[in-house]
Amino acid sequence: MYYTYMIRCADNSLYTGITTDLNRRFAEHKAQGEKGAKYTRTHKVTKLEAAWSSENRIMASRLEYYIKKLVLI
């Protein structure tokens, strides 16, 4: 099972990614360490805004692409 997720940052921006473990990945982003994304290391994470489950990585990646293309641009 893969998840596509959106995280809200303190500056009200959104970050979108995919993972197999939402709790672990959110904690990595929130810690702003090496395991977090480059973007969330410089933007303080405030909350998990939304998450969607997918059967496989391909579907999760496609959803991430569409979200970034349609919503975040």
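**Contacts first**

Reader: Which residues does T4 touch, leaving aside neighbours within four places in sequence?

Author: T4 is in contact (heavy atoms within 4.5 Å) with T16, G17, I18, A50, A51, W52, S54, A60, L63, E64 and I67, leaving aside its neighbours within four places in sequence.

Reader: What sort of model is this, and how are residues numbered?

Author: This is a predicted model: local features need pLDDT of at least 70, side-chain atom pairs count only at pLDDT 80 or more, and totals for chains, interfaces and linings use all residues. Residues are numbered from 1 along each chain as its sequence is written, and side-chain values use heavy atoms, with hydrogens and water left out.

Reader: Back to T4. Buried or exposed?

Author: T4 is buried, with a relative accessible area of 0%. Buried means under 20% relative accessible area, exposed over 50%, partly exposed in between (1.4 Å probe, protein chains only).

Reader: And where does T4 sit?

Author: T4 is in strand 1. Strands (E, at least two residues) and helices (H or I, at least four) are DSSP runs, numbered from the N terminus.

Reader: What lies 3.0 Å from a polar atom of the T4 side chain?

Author: The backbone oxygen of A60.

Reader: New topic. Which residues of helix 1 are buried?

Author: In helix 1 (residues 22-31), they are R25, E28 and H29. Seen down the helix axis, they fall within an arc of 95°, so they line one face of helix 1. The arc is that of the directions from the helix axis to the C-beta atoms.

Reader: What do the buried ones pack against?

Author: The buried residues of helix 1 pack against strand 1 (2-9), strand 2 (14-19), helix 2 (38-42) and strand 3 (45-54).

Reader: What caps the N-terminal end of helix 1?

Author: D21 does: a side-chain oxygen lies 3.3 Å from the backbone nitrogen of N23. Just after helix 1, Q32 takes a positive phi of about 55°.

Reader: Now S13. Where is that?

Author: S13 is in the loop between strand 1 and strand 2. S13 is buried, with a relative accessible area of 16%.

Reader: Which residues does S13 touch, not counting those up to four places away in sequence?

Author: S13 touches I7, R8, Y39 and H43.

Conventions: Polar contact = N/O pair within 3.5 Å; in protein donor to acceptor, adjacent residues only side chain to side chain.
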